[in-house]
Amino acid sequence: MNLKPQTLEKIEKLIPRYPTKRSASLPICHLVQEDQGYISQEAMEWIAAKLGLEPINIYEIVTFYPMLREKPIGRRHIKVCRTLSCALNGSYEVKKLLEKALIGEGHGSSNADYTIEFVECIASCGTAPVVQVDEVLHEGIKPDRVCKFADQIRQETEQMKTSVSKL
Amino acid sequence: MSIPERRILLKNADQPGYSNHIDSYLGVGGYEMLRKAVGMTPEAIREEVKTSGVRGRGGAGFPAGMKWGFLDFKSGKPIYLICNADESEPGTFKDRQLIHKDPHQLVEGMMIAAFAIRAKLAFIYIRGEMFDGAKILERAIEEARAKNLLGENILGSGYSCDLIVHRGAGAYICGEETGLIESIEGKRPYPRIKPPYFPAVLGLYQSPTIVNNVETLCNVPHILRMGGAEYAKIGTPGNTGTRIWSVSGQVQRPGYYEFPCGGLTLGQMIFDVCGGLGPGRKLKAVIPGGSSSKVLRAGERFSGKLKDGSAFDWGLEDIPLDFDGPASAGSMSGSGAIIVIDDTVDIVEALANLNAFYAHESCGQCTPCREGSLWMKKITTRMCHGEAREQDVDLLQSISLQISGRTICAHGEACAWPTESFTKKFRDEFIAKARNQNKHADTNAKVSYSLI
């Protein structure tokens, strides 16, 4: 396991806060996923050993929670709310338009730069439709705003790529 | 003319210049009630909350004071307090406002509640997707800790309690309190069977535990400030305090609105406060208390007797917005989430959308819910993709009636009630969907769908 020193430090601080070590398993999964982009089998074994658990104890939660993943995804994670209030305001159309703008028609919903998914209700129904890009919630993304919105995401992504290549 | 709100919980939230930092909260008298609380006995605080009659704002509407009263104080085990901030009932977005805009109100409410139930440790279980919310709460906790408002020896009282923000990871079932407890324990969030696992007796780590919703806990400082008896004067008997209603769907002004319980009707909320429907649109249906609550059809009449014995005869617009009003109309006020559907919507598609949600969120523990929710999703999705059959409506009805009451937790009811009520009240539209498709079967007419 090649976790960043900051991640390791956070993990060490986290464990003693809980009455039992096992309670730290979900928060550690979050930290490892933020660090690595996903939770590999090696990572699950590492977390289990860290907490004195069997690997299955970590595997069973990684496979249960929708936010945890076993495979890497695109650089940007775009989640379009699918549930009723957003759907009534056009979220199915929004997802289609985002895929078309960022990935290209007929090329699915994921590539190296973008992973576009539906997500169930993210509790912002009053400003529907909503789209969460990585950690940031964007409100009121109606179909007629998607074009501009996609441009903005594309610009951000290009900037991210340039700043990474400079390092 | 718009009916004025009465903001108690959201009083400061949207004020110009008010931020979610501790200085803003202290500037409006924040944490004074915690100061008062640590000078009181825990019993006296619990009594005030009981007198206030405040009912749980998460969905079930159970009196919070009574819930606290079930705590086993004699077990010798530590007591835990958990704030349920796993806001995920479709249509609900009130806790998000309380967390983002006034997090210290929640922290104060929690520390008073923790002191009142002698909690050893407290948790806020927040939705995984609310990255900002979790960061705001973490910061609020550190600000409060620096001022000795939580942590060791709070305000010199000798009472200590820490507060941990625990993030979920996208599972609706974690909103069920025993599923949430399993999740904090680091397991799959499978709800526990009750009895024996009533949290107040056998909760987190098999210890006495109280799980309250964000909005419920935010009420606690106000109850202490006004006194339980004075608080109970807001709203109507048995429906005390204000509620934050989340209104979404097809209204002109969706949003969150705080009113005294019973202070207005569903019709006033939709047509007055929220500005009615879009131009030329007519009301078709309302889901009054989060997507699990039974749908109400425009034009329906509701009659019967209220709790106090008086007779009522309401149209949809006349239903009072409190806990008991929607319940008397055969539905529930649930989490206070009102979803408005207009006449442009295909009702089968609306149900298919909700069924996809429940099929995705069933934890899989109980067969009727796991299989039933998926089966109902498959049928309604098929109906929207040009393969509707006239007998589907009866099949859906029959499946839905075989789930509720046969599962460990209320997700069984939650997934069954939409199908049960949609197929009962919109039977004609389900049948029409099949007939219209059959009519066009030979022309291979293009099927339009936008909600599934």
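Student: Which residues of helix α4 of chain A are buried?

Tutor: In this predicted model, the buried residues of α4 (residues 55–62) of chain A are Asn57(A), Ile58(A), Ile61(A) and Val62(A).

Student: What puts them on the same side of α4(A)?

Tutor: They cover an arc of only 130° around the axis, so they lie on the same side of α4(A). As a general point, an α-helix has 3.6 residues a turn, so residues three or four places apart point the same way.

Student: What covers the buried residues of α4(A)?

Tutor: The cover includes two helices of chain A, α2 (25–36) and α3 (41–51).

Student: Which domains does chain A have, and how far apart are their centres?

Tutor: The domain assignment gives domain 1 (5–62) and domain 2 (76–155) for chain A. The C-alpha centres of domain 1 and domain 2 of chain A lie 30 Å apart.

Student: Why is Met269(B) called buried?

Tutor: Buried means under 20% relative accessible area. Met269(B) has 0% relative accessibility, so Met269(B) counts as buried.

Student: Where is Met269(B) found, and what does Met269(B) touch?

Tutor: Met269(B) is in helix α11 (residues 266–273) of chain B. Leaving out residues up to four places away in sequence, Met269(B) touches Trp245(B), Val247(B), Tyr257(B), Phe259(B), Leu264(B), Cys274(B), Leu321(B) and Ile338(B). To count as a contact, heavy atoms must be within 4.5 Å.

Student: What separates the C-alpha atoms of Met269(B) and Gly336(B)?

Tutor: Those C-alpha atoms are separated by 12 Å, while the two residues are 67 residues apart along the chain.

Student: How many residues does the contact between the chains take from each?

Tutor: Chain A gives 40 residues and chain B gives 63 residues. The area buried between chain A and chain B is about 3900 Å², and carbon and sulfur atoms give 58% of that area.

Student: What makes the pair Asp162(B) and Arg17(A) a salt bridge?

Tutor: The rule asks for a side-chain nitrogen of Lys or Arg within 4 Å of a carboxyl oxygen of Asp or Glu. The side chains of Arg17(A) and Asp162(B) meet at 3.4 Å, N to O, so the pair is called a salt bridge. Across the interface of chain A and chain B the rule finds three salt bridges.

Student: Which helices of chain A supply at least two residues of the side that touches chain B?

Tutor: They are α2, α4 and α5 (84–88) of chain A. The largest share, five residues, comes from α2(A).

Technical notes
Residues are numbered from 1 along each chain as its sequence is written. Chains are lettered from A and ligands numbered from 1 in the order in which they are written. This is a predicted model: local features need pLDDT of at least 70, side-chain atom pairs count only at pLDDT 80 or more; totals for chains, interfaces and linings use all residues. Side-chain values use heavy atoms; hydrogens and water are left out. Helices (H or I, at least four residues) and strands (E, at least two) are DSSP runs, numbered from the N terminus. Buried means under 20% relative accessible area, exposed over 50%, partly exposed in between (1.4 Å probe, protein chains only). The arc is that of the directions from the helix axis to the C-beta atoms. Domain bounds come from an automatic or database domain assignment. Buried area is the accessible area (1.4 Å probe) that two parts lose on being put together, summed over both.
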